[in-house]
Amino acid sequence: MSSLWKNTVCIPHFPRLERNLHTDVLVIGGGLAGILCAYKLAQEGIDYALVESSQICEKITGSTTAKITFQHGLIYHKLIQEVGIERAKMYLEANRSALWQYRTLAQSIDCDYQIQDAFIYTLNNPEKIQQECGAYQQLGIPAEYTEDLPLPFPVSAGIRLRNQAQLHPLKLAASLVKKLNIYENTPVQAYDGQHIITPHAGITASHIIVATHFPVFNKHGAYFLKMYQQRSYVTAFEGVKMPDGMYLDEAETGFSFRSYGDLLLLGGGSHRTGKRGGGWDQLTVFAKQHYPGATAQYHWAAQDCMTLDGIPYIGEYSKSTPNLYVATGFNKWGFTSAMAAADILCDLIQGRYNSVAPVFSPLRTMLHPQLLKNVLESGLHLLTPTTPRCPHLGCALKWNPQEHSWDCPCHGSRFTEAGDVLNNPANTNGIWALRRKRQ
């Protein structure tokens, strides 16, 4: 299994860190968020280094659908209700700015950038679309209500947002990293204030940015309670006449659509990591029904960190860790969130005021219904008397027959059948106890 993106571009490789290093800013994590932080720091003339435990863009960035839009599902009505219109405007401004910054970058980078309209639709809940349209009006977002979309099935309502974008994520990343100070195969093993330990060298940094998808330092910030992870699946089909635009069902179990050249990228099959879901089988069944001439060319899966309130955590890692920062919990909207994170964190590190930072603060309240769900889920699987178990916090792992992996339903760590880490927060190989017979 490999994504379309990984099969159509070569990403540069970088050396392993072999000698002790002192830098003003250390960026941990070589996905898009970390790369953009490093890129902006370099533009500002700030001394920095980026370390990645394996290869850059190997996991999350290489598995995205690369939609660039500030239409993040039905987010704005919810934001106005839960955090107020001023903070909803902050969220909008951060993501709208990100969209325009990608447009500027694409003027000098060959990354298959295309302006596209974005659509959010519903099969049977038009009142949700109407509520979101009302939120758009309050925020001054020019969007259009519609009941007619060029999809192979009827919808009851939708919202069209013009002049959004899509691109090839790894072509963009490959261009951005060419002149950056990056060390690959350099996992972080320990953190002590301004000091970081890696297998072959130590690093001293005045400021540290953790951009590792799920934060790697488990003792601070309670991110294991503040987030859970979801798997979602994509298949690239040939032989489909795909209309212009990017489309997303508002339902959690719905489908997403975008094109790349002559390919349709169909997404769906989502489920909480460690639980059962539709996976690629659901996409195949859908394609046979609605696109009978389609042929699958690529398929891959993505993993996303989901926060308590649907807003990313960008800012101070915790109250007890000065000069340690985090960017995580992008809730399936990694491209605009990564750019917003780079803007906010570069400002915070330099002591500059950032007008949108408050809405993303990781120090905001944890009192949210999702917190109880996360606690109950963790408690259930901590008490489940089965093997193997996750080395992160000891939850019972579940076998994933589609992807042939051991997955943690508590916090989302994933392992190969042999016990090697595929996805964090676990950062050590090996799973507890003997493997039970798979059912």
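Which charged end sits over the ring of Trp100? The charged end of Arg103 does, 4.4 Å from the ring centre. A charge sits over a ring if NZ of Lys or CZ of Arg is within 6 Å of the ring centre and within 35 degrees of the ring normal. Arg96 lies over the face of Phe70 in this way, at 5.7 Å from the ring centre.

This is a predicted model: local features need pLDDT of at least 70, side-chain atom pairs count only at pLDDT 80 or more, and totals for chains, interfaces and linings use all residues. Residues are numbered from 1 along each chain as its sequence is written, and side-chain values use heavy atoms, without hydrogens or water.

Now turn to rings that meet rings. Rings of Phe, Tyr and Trp (its six-membered ring) pair if their centres lie within 6.5 Å; planes under 30 degrees apart count as stacked, over 60 as edge-to-face and the rest as tilted. The count comes to 19 aromatic pairs. Phe119 and Tyr247 form a stacked one, with 4.7 Å centre to centre and 5° between the planes. This pair links distant parts of the chain: Phe119 is in strand S4 (residues 114–122), Tyr247 is in strand S12 (residues 246–249), and they are 128 residues apart. Strands (E, at least two residues) are DSSP runs, numbered from the N terminus. Both Phe119 and Tyr247 are buried, that is, under 20% relative accessible area (1.4 Å probe, protein chains only).

A second pair, Phe153 with Phe257, is tilted: 6.1 Å centre to centre, 40° between the planes. Phe153 lies in the loop between strand S5 (144–146) and strand S6 (157–166), and Phe257 lies in strand S13 (residues 256–260), so the pair ties together parts 104 residues apart in sequence. Phe153 is buried, with a relative accessible area of 13%. Phe257 is buried too, at 0%. Ring pairs also link Phe153 and Phe257 into a cluster with Tyr121, Phe255, Phe286 and Tyr291.

A cavity is a set of points on a 1 Å grid over the protein atoms alone where a 1.4 Å probe fits but cannot get out; lining residues have an atom within 4 Å of a point. The whole structure holds 1 cavity of 30 Å³ or more. The largest cavity has a volume of about 50 Å³. Its lining includes Phe119 and Tyr247, along with Lys67 and Trp333. S4 and S12 are the elements that give two or more residues to this lining. The largest share, 3 residues, comes from S12.

Definitions and conventions:
Helices (H or I, at least four residues) and strands (E, at least two) are DSSP runs, numbered from the N terminus. Buried means under 20% relative accessible area, exposed over 50%, partly exposed in between (1.4 Å probe, protein chains only). On a 1 Å grid over the protein atoms alone, a cavity is a set of points where a 1.4 Å probe fits but cannot get out, and a pocket is an open set with protein on both sides within 12 Å along at least five of seven lines; lining residues have an atom within 4 Å of a point. Grid points are joined across faces, edges and corners, and a volume is the space filled by probe spheres set on the points.
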